[in-house]
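Dear colleague,

Please find below the sequence and structure that I am handing over to you. My notes on what was found follow directly after.

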Amino acid sequence: MCPGVESDKPGDCPKCGMALERNPAFAGGDDGSAEEAAEVRSLARRFWISAALTVPVVFIAMGHMLPGGDPTAWIPAGWGPWLEFVFATPVVVWAGGIFFVRGWRSVVHRSLNMFTLISLGVGAAFLYSAAAVLVPGVFPESVRQNGVVGLYFEAAAVITTLVLLGQLLEAKARSRTGGAIRALLDLSPKTATRVRGGEEETVPVSEIEAGDRLRVRPGERIPVDGAVTEGKSAVDESMVTGEPLPVEKGEGDAVVGGTVNQSGSFVMRAEKVGAETLLARIVQMVAEAQRSRAPVQKTVDRIAAWFVPAVVGVAVISFFIWWLAGPEPSLAYAVVNAVAVLIIACPCALGLATPMAIMVGVGRGAETGVLIRNAAVFERARSVTALVIDKTGTLTEGKPAVTDVIPADGVGKDELLGLAAALERHSEHPLAAAIVAAAKENGTAIPEARDFEASSGGGVTGEVDGKRVVLGKPAFVEEHGAEMPAALAGRLDSLRDGARTVVAVARGDTVLGLIGLADPVKSTSRAAIQALHDLGVRVVMATGDHGGTARAVAAELGIDEIRAGLDPAAKREIVEELRRGGAVVAMAGDGINDAPALAAADVGIAMGTGTDVAIESAGITLVKGDLAGVAAALRLSRATTRNIRQNLFFAFIYNSLGVPVAAGVLYPFFGILLNPMIAGAAMSLSSVSVIANALRLRRK
């Protein structure tokens, strides 16, 4: 509840009195689950013992009200009050002692809270009753009924037991909200195999330093972020990318800690360790977001600042009014109603309303690859009306692929593709990799190329089977003396109209054919755009590509508006233009080229694999890089803010109605008074209802 409070050891928060929780971002991978379990066990022990002792107290105090005779008639005269005192004392003093400690601390720290009211209410009822048993002579005749001072041990014991039950349920609920962080921490292995001087040794991951060489065997999780130095393997990176297929890794390729090595064994060099790894940064981000405060919490804080003192004031006023003007025994009525006011007004539900929803919402997002930077993002994201998105890597795969192989007359497709792959196998250009991959997938034989040369003019040259081969942009090929046949020239225009990147292949002075490439649209993009439209969000594509490509992609996906040929500054201007027009703008990009626009947007959404820039620059990071995550993030933000408002309504309406009834405003008209035990049950029930409502977000 109080994110600003930090301690280097377990204990209670001096502001709200709740148990402090381990911060997993700074705990060396310890998520605090052991401490949570110990807290739950302690509360459970206190609750069950107090419940067992409370039953006879209630039985003795209220048995005479049961139909069919008084079952407590066998208790010797005068023993009943003493038995109540004996059974109630350990309940209030031992089991409920934690409430008095927290209540006293709240006074010392001048931060009145729910435990202030609980300790005042329970303490008043218990001390009044204890005095009536131990020193009954101090009470005037006016407070006696049939010569006996009324006892409220059952109220003190039942209230203590109910509050313990509420605390136990809260502790278990908070443990469930931490499940997302525990799941993330479980992805990190505890040990690694370090290679030094030709010898291998198993060491804790915490001892690994940057530069260490590590052996990763099949089936093991990669311990830290780094790069492969020896061997090759396939790595399951679905934790990061969301892609189900394993990724081939060889010498020089980057690997991410927490991902799973599947087939081969390799040696890697550790580059980022400890808190610098991607997984550690994600854990830290989730932990900080769960402890952050939504803007609406400021309003709650202002109300809480005067709420508890106001309740104490109402209880004092109620006490004196009943004592001075109430029916006999007036002092007893005064004590009972003051205690009822203090108990029913406990602001535990008010304090839980926002933090519980934020913790559950952030945790649920983390489980689905939606990382929320802080609680304020929830409130901004729920109002988004326009989304600006990049094309490459956001709507498309970001990986070009061969779509068309068009040979000239007399040339076979395999021959054309094989010659192209022979040259491109020596190139590092992304288009080259796509052509080589297409040849391999097609089973095309790839001949050897010699005298390979890459040109800055847009193509490559080399010698295949003793003949000069040129590949590149059509203009580049023609510059090298090759003539484009009329039939191919017509196909060239149609490929360009279809947003294809076209390369030509020539041997000698003859163009052998054309190869068209395109960056395919992600299979999930169409459904994601439709989901955004269903949420009432206008989608604007802002891309650096030429207009033909942008129009083709937009037509396929149903995008509302296109802005093409843009640089990063122009993207930022589009965001600002939309904001000036009254839209609440979210920007989704890769977090690097789009950083200016991400910063200018009301909500920045970083796509991709959670790079440093993405995590730092965006309010939301979609670890899996899927546009569907944008709609998921917006739905989650709307659900979470709606949940917070529901919780606050439950808390406010409960207190607003409960306090006047407890003070006795209905007694003159209807003869209705609120028993402190009923007040305690209602107070605990309100907390449980808020918790249950917040936990509904786990199913979103």
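**Findings**

Seven bridges join strand S18 (residues 501–507) to strand S19 (residues 510–518), and the two strands pair in the antiparallel sense. Within this pairing, Thr501 stands opposite Leu517 of S19. Please note that the model is a predicted one.

S18 and S19 belong to an open sheet of six strands with antiparallel pairing, in the order S14-S19-S18-S17-S16-S15. Strand S14 (401–407) and strand S15 (449–455) are at the edges and have a single partner strand each, so one side of each is left without a neighbour in the sheet. On average, and with direction ignored, neighbouring strands of this sheet are turned by 20° against each other. Helix H13 (residues 413–424) lies across S14, S15, strand S16 (459–464), strand S17 (467–472), S18 and S19. The helix H13 runs at about 75° to S19.

There is also an open sheet with the strand order S4-S3-S5-S11-S6-S9, and its six strands pair in the antiparallel sense. Its edge strands are strand S4 (199–204) and strand S9 (254–255), each of which pairs on one side only. In the strand order, S3 stands between S4 and S5, and its pairing with each of them can be described in turn.

With S4, strand S3 forms six bridges in the antiparallel sense. Thr191 has Pro204 in S4 as its bridge partner. The two strands S3 and S4 make a hairpin with two residues between them. In the turn of this hairpin, Gly197 has a positive phi of about 60°.

With S5, the pairing is antiparallel over three bridges, and it joins strand S3 (residues 191–196) to strand S5 (residues 213–216). Here Val195 stands opposite Arg213 in S5.

Which residue does the side chain of Arg213 meet in a salt bridge? The partner is Glu230, at 2.6 Å from N to O. This pair links distant parts of the chain, as Arg213 is in strand S5 and Glu230 in strand S6 (residues 225–231), 17 residues apart. In general, side chains of opposite charge can pair when their charged atoms come close. The structure holds 15 salt bridges.

The remaining notes concern helix packing. Two packed helices are described by the angle between their axes and the distance between the axes.

Helix H17 (residues 525–534) packs with helix H22 (residues 628–663) at an angle of about 25°, and their axes are 8 Å apart. Since angles under 35 degrees count as roughly parallel, H17 is therefore roughly parallel to H22. Their crossing is left-handed. H17 contributes Ala528, Ala531 and Leu532 to the contact, while H22 contributes Ala628, Val630, Ala631, Leu634 and Arg635. By class, this contact of H17 with H22 has seven nonpolar, no polar and one charged residues.

H22 also packs with helix H10 (residues 330–344): the axes come within 8 Å and cross at roughly 170°. That angle makes H10 roughly antiparallel to H22. The contact is made by Asn337, Ala340, Val341 and Ile344 of H10, together with Tyr654, Asn655, Gly658, Val659, Ala662 and Ala663 of H22. Counted by class, the contact of H10 with H22 has seven nonpolar, three polar and no charged residues.

With kind regards

Methods. Residues numbered from 1 in each chain as written. Predicted model: local features only at pLDDT ≥ 70, side-chain atom pairs only at ≥ 80, totals over all residues. Heavy atoms only, no water. Axes fitted to C-alpha atoms, helices over the stretch in contact; angles between N-to-C directions. Helix = DSSP H or I, 4+ residues; strand = E, 2+ residues; numbered from the N terminus. Parallel < 35°, antiparallel > 145°, perpendicular 65-115°, else oblique. Left-handed = near helix turned anticlockwise from the far one by under 90°. Contact = heavy atoms within 4.5 Å. Nonpolar A, V, L, I, M, F, W, Y, C, P; charged D, E, K, R; others polar. Pairing = 2+ DSSP bridges. Salt bridge = Lys/Arg side-chain N within 4 Å of Asp/Glu carboxyl O.
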